[in-house]
Amino acid sequence: MNPMKKNPKMTMMKTTMKRPDKILVLSNWFEIQWLDQGASDATKSFGTCNTNTQVITISCGMKPTLIADTFLHELIHALCWQMDIPHNLDGITEENICRRISTGLTAVWVSNPEAFRWWASLLTDTPAVQH
């Protein structure tokens, strides 16, 4: 069962920042292409990660939490390629691993936004708020 379906807060999120058009994954830059609903319907997927061309595509015609999940999913594919993680681990495919990790992390993030703001502050120049 998809844990995001249980949490009504996930459908209330708003996007406030500009979408990235590229992202550095370890040592390789990936272009990010944002597809409109018609283009994503043609591919029959929410997103793709092409490691040959280093292009990630993501459908824009989805709810914000599904866009976030798909973005993370495709980044995990890019990391698997960069880190030479096998496409099949004990019978579990890379696709299945990416889906489980991205959906799980997205659900935890939505349920605990303050914890992830704190985590992000550890990686930036902005000091974390201490409690």
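How many helices and strands are there in the protein chain? There are four helices and six strands.

## Basis of the model

This is a predicted model, in which local features need pLDDT of at least 70, side-chain atom pairs count only at pLDDT 80 or more, and totals for chains, interfaces and linings use all residues. Residues are numbered from 1 along each chain as its sequence is written, and side-chain values use heavy atoms, with hydrogens and water left out.

## Overall layout

Along the sequence, the pattern is β-β-α-β-β-α-β-β-α-α. Helices (H or I, at least four residues) and strands (E, at least two) are DSSP runs, numbered from the N terminus.

Of the 131 residues in the chain, 30% are buried. Buried means under 20% relative accessible area, exposed over 50%, and partly exposed in between, with a 1.4 Å probe and protein chains only. Among contacts (heavy atoms within 4.5 Å) with a separation of 6 or more, 56% join residues 24 or more positions apart. The chain's accessible surface is about 9,200 Å². Carbon and sulfur atoms hold 60% of that surface. Areas come from the Shrake-Rupley method with a 1.4 Å probe; for residues, only the protein chains shown count as cover.

## The sheet

Four strands build an open, mixed sheet in the order β1-β2-β4-β3. β1 (22-25) and β3 (47-50) are the edges; each has a single partner strand, so one side of each lacks a neighbour in the sheet. From one strand to the next, the twist averages 20 degrees. Axes here are lines fitted to C-alpha atoms, for helices over the stretch in contact, and angles run from 0 to 180 degrees between N-to-C directions. Strands count as paired if DSSP finds at least two bridges between them.

## Strand β4

β4 (residues 55-59) runs parallel to β2 (residues 28-35), joined by five bridges. Glu-31 sits opposite Val-55, and Trp-34 has Ile-58 as its bridge partner. With β3 the pairing is antiparallel, over four bridges. There, Cys-49 partners Ile-56. The β3-β4 hairpin has four residues between its strands, and Gln-54 takes a positive phi near 55 degrees.

Five of the five residues of β4 are buried, so the strand is largely enclosed by the rest of the structure. Val-55, Thr-57 and Ser-59 point one way; Ile-56 and Ile-58 point the other way.

## A nonpolar surface patch

Leu-26, Leu-79, Met-83, Ile-85 and Leu-89 form a nonpolar surface patch, together about 410 Å² of accessible area. Leu-26 lies in the loop between β1 and β2. Patch residues have over 30% relative accessible area and no salt bridge; nonpolar side chains (Val, Leu, Ile, Met, Phe, Trp, Tyr) are joined within 5 Å, like charges within 9 Å. A salt bridge is a side-chain nitrogen of Lys or Arg within 4 Å of a carboxyl oxygen of Asp or Glu.
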